[in-house]
Protein chains: 2
Amino acid sequence: MWTVTRNEYTSEKNLVYETLFTLANGYMSLRGREEFSNVTMKGTYVAGIFDKHLAQVTELVNLPDPLGFRIYVDNEEINLDYTSLSKYQRFLDMRNGTLNSTYEFIVNDKRLLVESQRFVSRKNVHRFGVRYKITPVNFSGKIIVENCIDATTFNGYLDPLNKIQHYHIIGINDLRPGLGVTVETHDRGHVISIVTSITGKDKNGENALRYRKYREIGQNPQENYTIFLTKEETVVIEKYGAIFTSKDIQSTNDNDVLFRAKCELDNFISTGFEKELEAHIKHMENIWNRMDIQIDGDEIAQLGIRFNLFHLYSCAPDDPRVSIGARGIHGEGYKGHVFWDTEIFMFPFFLYTLPEYAKNLLLYRYNTLDGARRNAQMNGYKGAQFPWESADDGLEVTPKWGEDYLGNPVRIWTGDEEYHINSDIAVALVHYHSVTADDEFMVNYGVEMLLETGKFWASRLEYNEKEDRYEIRRVIGPDEFHEHVDNNVYTNYLAKWNMLKAVEYYDWICEKEPLKYEKLKTLLGLTDEMVRSWLEMANKIYIPREKGEKLIEQFEGYFQLKEVEITEWDENGLPKWPKGLDLTKLNETKLIKQPDVVMLMLVLPEEFDYEEMKINYEYYEKRTMHKSSLSPSMYSIMGLKVGDNHNAYKYFMKTLLVDLEDNQGNTNNGFHAASAGGAWQCVVNGFGGMTLESDKLLNFSPWLPENWRSVSFKVSYKGHILDITVEKDRIKITSPAELEIKIKGEKSRLKNGENIFEI
Amino acid sequence: MWTVTRNEYTSEKNLVYETLFTLANGYMSLRGREEFSNVTMKGTYVAGIFDKHLAQVTELVNLPDPLGFRIYVDNEEINLDYTSLSKYQRFLDMRNGTLNSTYEFIVNDKRLLVESQRFVSRKNVHRFGVRYKITPVNFSGKIIVENCIDATTFNGYLDPLNKIQHYHIIGINDLRPGLGVTVETHDRGHVISIVTSITGKDKNGENALRYRKYREIGQNPQENYTIFLTKEETVVIEKYGAIFTSKDIQSTNDNDVLFRAKCELDNFISTGFEKELEAHIKHMENIWNRMDIQIDGDEIAQLGIRFNLFHLYSCAPDDPRVSIGARGIHGEGYKGHVFWDTEIFMFPFFLYTLPEYAKNLLLYRYNTLDGARRNAQMNGYKGAQFPWESADDGLEVTPKWGEDYLGNPVRIWTGDEEYHINSDIAVALVHYHSVTADDEFMVNYGVEMLLETGKFWASRLEYNEKEDRYEIRRVIGPDEFHEHVDNNVYTNYLAKWNMLKAVEYYDWICEKEPLKYEKLKTLLGLTDEMVRSWLEMANKIYIPREKGEKLIEQFEGYFQLKEVEITEWDENGLPKWPKGLDLTKLNETKLIKQPDVVMLMLVLPEEFDYEEMKINYEYYEKRTMHKSSLSPSMYSIMGLKVGDNHNAYKYFMKTLLVDLEDNQGNTNNGFHAASAGGAWQCVVNGFGGMTLESDKLLNFSPWLPENWRSVSFKVSYKGHILDITVEKDRIKITSPAELEIKIKGEKSRLKNGENIFEI
C-alpha cells in the first residue's frame, strides 16, 4: 500500500487530484497537475515567498508554472480533454516520492504511448524533473514536443473576487537550449528565477531532439523540437528544472538569482536525471525508515496514514524562516497562512519522528517574534502576541472580512480575539524541551518566547476587583461558532499555564545560563519582581467551573444557550445542519464547531482525570458539528481515552481520508495538514496510547481496533529512537539504550534491544 | 432551414464548430468559440491586418480575443469541460446572423440557466455584441460575472512549428467600466484597439452589476461584478465590443486608435444592444433578399447552400484594400492568403448577386498591382505578375517549403510556377465588364490590369525557333500533383486569351477614352507596335493538341505517365490513395489533384463543344483524387453539362457539405470559401444551367435533380435583378425591364414582369 492511483480520467476531478498528487520538498511545491489538460489550477509555490500588493492580506505567491509540456501528433496537440484516450493511469508512489502516469492517446488512428515520472528532489531542493517515455505503438513518423513555462499564473483561481497576479516579469530568457523566467513580487520584492530544459534520447542513447524552435507567446517562453519516431521504439525525454529566489542567496539582483538557477540547472543536467532521482529515492527511504507507520490488518488505514505522513513530510522545511500552512504548500486555502494547526496538530508528528523539523517550526516562530511583539504593541499589550494567521513576518494577517455559510460578508474576529495561539506555541515549546532535552534551543530561543508570551498574558488579563480574580473577556476559543465570549476555559487555562511556565523557565535559565538570563532581562525589560508577580496573577485567573463539578462550561454563559439537536448526518458521516437552524445565529446555540473543552484536556492531559474526560467528551461530542478538519482526530483520541472505541475508529477514518475521499469538499484548495498531524496523533497517542506524563516519561496504554493485528511506529525520545509494535496482547519495544518508560501507567525499564510487555 | 445546430457538447468537436459558427462582417471575424470552454483555437481577425515578423511568410494576424466571459457560482468557474451540464444547445441563425446558445449548468446542485446571443454587426462593422440571459433555476444567491480580453493569443495553434504572436502590447486600459487592449503588429506597425464593456439589468430594468473589480493577469485585463439573483428571475447582461485599427483611421498614433475604439463603444452602448441588433438583422434581411437560393424538395441542399452563402457573404469586404482568403476570415488555413479561389470560384457569386463586392475584390487586385509589378521584376519579367498567394501588398507570399502527404519537408513550387493566376484575374475582369457593363471601372482600373498581365505573358513566353511557336515551360497548372511541366494547356490557353483580351481592351480604351489611353501608354511604357505584336505572339502560343483530337493532353508528356487506378473511396465518397502508391512520386502518374483540362473548359466554355467536354470529363474525372476542395464543384457543373447527372449531384453535395460534414477533415482551420463559391456555381450554372454566351447574353439550360421540385435564385445582370425559378418543366423569370436572353440556346425577349418558359 504505497500508491494512490487514479484509474479514470474525468476532468471535473482534476483539482482534487492535483492536491493529492502534489510533490513538494519543504522548499518548493508543484501541484500534481495534468500537464496534458487545461482543466487545472496551476500551482507552483516556494515556501516563504509571500506578497500582498492589492490582495486582501499577505499570501503565498503562486509562481510561474514550469510543468508545461506539450506533444503534437500531426500538428495536433494531445490533450486529455479532447484527444481519444485508450489508456490512462496516474499514481503517486509515496515510497519513492514520484508521480507516475501512463497515457495512450489516439490521433488520426495513430496510437502514442506516453509514460511519465515526475519528482521534486528532496536531495537538492531547488530541483525537479519529469521523464517522458514516448512510444509510437502503431506508426512511424514525427512528433513535436514542446517545453514551456507559463508566467500568466495567478492567485485566487478558487476565489475570483480576489484573483491577483503577485509578480511582474523581470526577464524571459532563451537559454539555448532551455527556458528561463525571472519575476519579482510586487511588494516584498522577492526575485524568483525558474529555469527548465529538456533532453531526448533514442534507443541507442543518441540525441533525438531536432530543430529547436524558441518563441515567446504572451508571457510564456516555449521551445519545441521535432522527433522522428520508429514504430514501437521508445524515445526518452528528460525535463530538468530548477528554482532559485532572492531569499536563497541574500541578493535581490535578478542576474544573481537567474545565474544561480542556471548553474543549478546545468549541474542537475550534468548529474543526470537518473542519478538525481536515485538520490531523492534514497533520501525518501531514510525518511520512511524513521516516520513510517505499519498497520497490519487494515489496508485502507495503512494507505491513509502513509498518505498523510507523505504529504506532511513534503511540507517540512529545512529553512527556519518558514513553517507549514494550514493547507500545507499544496494549494491556496487559507493563503498559505500558519495557524495553531502547526503547533498543536502537526508538531507532535515532527517532534517524535523528525525532531530536526520540529525545531525549525519553532524557530519560525522565533524568527517572527518581532512581528508578534508588534502585534501586541498595536493592540495595546506587552510582550509578544503571535498572530492567529501568520505569513512571513509574524504580523497578524487574518482577513478582517470573509463570507458566512450563506455567502454573506461577515466580519472575521479570529485575528482580533483568538488569543490562545500564544499558549499553543508555549505548549509546543515546553513539549519540545521535554522530549528532546534540547537545552541549547531553550536557552537561545525558547525561553525568550515563553517570557514574551507570558508577558503578553500579564498585560491582557483584566482584573475583576469585586471577585478578586483575573479574567479574559471578549475572546474566541477553539470553537469559532462563539465569538466575543468571556472567560473561555481553554484560553484562560492555557494563559495561566503559559504564565506559570514562563516563570518556571525564568528561574531555570537564571540558574542554567546566568549570562543569558541577564541579557534577556535587559532585552525584554524584565525584573525579577515583575516576573514573580505573574505567579500570583496566574493563580488568580478565573477558570469558570463550579467546585466539584466535572462537566466544564466552555465559557461563561454557554450552559444558558439554546439546545439544538443534531439528527442527520451526511454521506461522510458528518453532521448536517439541523433543519430550521439560522446559520447567522449559531452563537446563540450550544452547537460547537470543534472541540474546545475536550481540546484543553488533550493539550494538557495531566491536568484532568478519567472521569472529567469522559463526562466532557460525552457532553460536547454530541454538540459538535465538525466544521473543521481539526475536529474528528481529536474526538478520536479522546474517544479512545474514555472508551468510545467505535466512534474513535470512525473519527479516525474521517481524519485519515479527509483528502483521499475529499470529505470536507475542499481538497482542491490544498492538503489538510493539521488533519494529517491529527491522524498521526490518533495512531500513536490514540491507538498506541502514548502519552508524555508529567514526570516526562513516555507511557503506553494501547488499544487496537478489532481488525488490526498490529501497528508499528517509531518514536524519537531524548535522542533515542524507539521501535514500537503494538499487538492485541503485547507491546514490543526495541530500544537503542536503557530507558525508563511506563506501560499502562506502570514504570518499567527498557533494556538495550528488544523488550516485550504483555498488555 | 435557417439554422445550423449543435445539440451535443463534446470538446473534441469544438474547433470544427468554431469555424461553422464564426461570425464575420467583411471587416472583422470572431471565431465561434465556446466562451465557457478552454478547448478552443481563439481567433479574432481583422481583414487586411497582416504581419510577417519571424513567421515563414506574411500572414493574417490573430488578434487579442475579446469574447472572454466567465460566470462563477460558489466561486467556481462554470466550464463546459468540467461543470455538470443538464442542457446544451447552440445554433447559428443564418437569417439573422446570430449565434445562439442555451446552457444549464449545475454547480453544487445549483442550476443556472444561461442563454446567449452573439452578433458581429453588419450595420456598423466595428461592433460586436453578446447578450447573456442568466436565470437561477432553483436557488437564490449571488454569482460573479467576469468580462475579459485575452492578449496572449497567437497564430499557429494548428501549426505548432510556426506558432507566433504577431503583436506586442502597447497598452492595457481600465476604462472604468470596460476594458481595452491596444496592440501593435511587429513589422507592419498596425495598431489595433479592442475594447469591451458589459451592462446588466434585473427584471425591473435596474442595474444588476455590483462591486466592480478590475485587474490584469498576465496580458489579460478583466473586470468582474457580483450579481444578486432571485430564484427564477432573469438577469440580462449585455456585452458591447468594438475594434478599430490604424488602417481605419490613417493614423498609427495609438491614442487616436484607442480613442476611436472607445467612441465607437460609447456610441454602441448609447444606441443599445437591441437597436444595433435590429439594424444588423435588417441588413441581413436585405442581403438575403438578394442572395438567397431556395431549393424546394431537398432540405439538406437547402440548408447547405444557405450555409455556404451566409459565410461567403460574411467575408465580403466593404474595403477595396482587402479580398477574401481561401479559408475566408474564419481561421488560419493558408494564412489568410488570397488565391485564384477568389476570382474563379467565389467571384461569380458576388458578380451575379452582390456586384458591389465583386468590384471590391477586383479593386483589391488593382490596389496590389504594384506588388505584382515587383514580382514580375524580381523574376525577370515585365508587366505584372500577380502572386499565387497574396496578402496585403501583392508581393508573392507562397511559402517556399511545406510538408508532403507523409510529413516530409517539401519544396513548394506554386509561388514560382503557378502563373495562371494572372489569366484567372483577367477572366474575372472581363466577366465583370460583360455582366455589369461598368465601363468606368474598366477605364480606371480594369484595362490597366489587362495590359499589365498581357505584358507579363509577352515577356514570359519562350520562343521555340524550330517549331516557330511560343511555349511556356516549367509551370504548374491547376493540378498541382505535376510540377515543372511544359505547355500546360490551361496555362497556355489562358495566356493566349489574356493577351488577346489585352489587345482588345487596348483598342477599346483608345476609342472610348483617348486621354486615359495616352496616360496608360505613358505610365506602362506601351507603344501601339508593342501591343500589336502581342496579337501575333498570342496566336503562336503552342496548344499541345493533335489536330482533330478531342481528348486534350493536360501538358506535354502527360499521356506517357503511369496509369494508376482508383479503386477505393472513403466514407465521404472521395477517392483513397491507391495501395502501394509512392506519394512522393505522384508526378510520375496520371493521377491529378483537381480538374485542369476540365477547368479550362469551365472557365472558357464558349471555346469548347459538347463532345470535347464529354470526352475530357470522362477521361479526367476517373483520374482525379479531389485533393482540393475546389475539385468536386467543378466536376459537378461539367457533369451536368455532359449528362453525368448522378455524379453531378453527388459532387454537388460533397461541395455543399464540405464544412458541415467536414469531409476534407480540416474545417477546424477555416471555412472553404472557394467551395462555397463553387456551390453557388453548381446551383446557378449547373442545375440552373446559366451561362454567359459569347454574345454576352444569359442563357438558361436547367436540369433539376429528381427530388428537387424547384430552385429559385436571383441574378444581377447589367444593373437589373432577375428573379428566376426553375421547375421541372418550366422556368419562370421575373424581370424589372425588357431584356434579351436565351433559353436552351434560343434567343428570347423578357418582358417587364413575370415570364414563363416551358422547357
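1. Cysteines first. Over all chains, a search of the whole structure turns up 0 disulfides, a disulfide being a pair of cysteine sulfur atoms within 2.5 Å. Bear in mind that this is a predicted model, where local features need pLDDT of at least 70, side-chain atom pairs count only at pLDDT 80 or more, and totals for chains, interfaces and linings use all residues. Residues are numbered from 1 along each chain as its sequence is written, chains are lettered from A in the order in which they are written, and side-chain values use heavy atoms, with hydrogens and water left out.

2. Take B:Cys682 as a case: its closest cysteine sulfur is in B:Cys315, 18 Å away, which is too far for a bond. B:Cys682 is buried, at 0% relative accessible area, while B:Cys510 is partly exposed at 33%. The cut-offs are under 20% relative accessible area for buried, over 50% for exposed and partly exposed in between, with a 1.4 Å probe and protein chains only.

3. Now a sheet in chain B. It is open, has 5 strands in the order 8-7-13-18-17, and its pairing is antiparallel. Strand 8 (76-77) and strand 17 (210-217) are at the edges with a single partner strand each, so each has one side without a neighbour in the sheet. Strands here are DSSP runs of E with at least two residues, helices are runs of H or I with at least four, and both are numbered from the N terminus. Two strands pair if DSSP finds at least two bridges between them. Inside this sheet, strand 13 (residues 141-148) and strand 18 (residues 220-229) of chain B are joined by 8 bridges in the antiparallel sense, and B:Gly141 sits opposite B:Leu229.

4. On to the interface. Chain A and chain B bury about 2900 Å² between them, 50% of it on carbon and sulfur atoms; buried area is the accessible area (1.4 Å probe) that two parts lose on being put together, summed over both. Each chain contributes to the contact, with 34 residues from chain A and 34 residues from chain B, where contact means heavy atoms within 4.5 Å.

5. What about charged pairs? There are 2 salt bridges between chain A and chain B, counted when a side-chain nitrogen of Lys or Arg is within 4 Å of a carboxyl oxygen of Asp or Glu. A:Glu146 and B:Lys163 form a salt bridge through their side chains, at 2.5 Å from N to O. On the side of chain A that touches chain B, the largest share, 4 residues, comes from strand 17 of chain A.

6. A:Lys335 may be worth a look. It is found in the loop between helix 5 (299-315) and helix 6 (340-353) of chain A, and it is buried at 15% relative accessible area. Leaving out residues up to four places away in sequence, A:Lys335 touches several residues, including A:Glu59, A:Asp159 and A:Phe50.

7. Last, strand 27 (residues 710-717) of chain A. This strand has 7 of its 8 residues buried, so it is largely enclosed by the rest of the structure. Strand 20 (residues 294-296) of chain A is joined to strand 27 by 3 bridges, running antiparallel, and A:Ile295 stands opposite A:Val711. Strand 28 (residues 720-727) of chain A also pairs with strand 27, antiparallel, over 8 bridges; there A:Val711 has A:Val726 as its bridge partner. The hairpin of strands 27 and 28 has 2 residues between the strands, and A:Lys718 takes a positive phi near 50 degrees in it.
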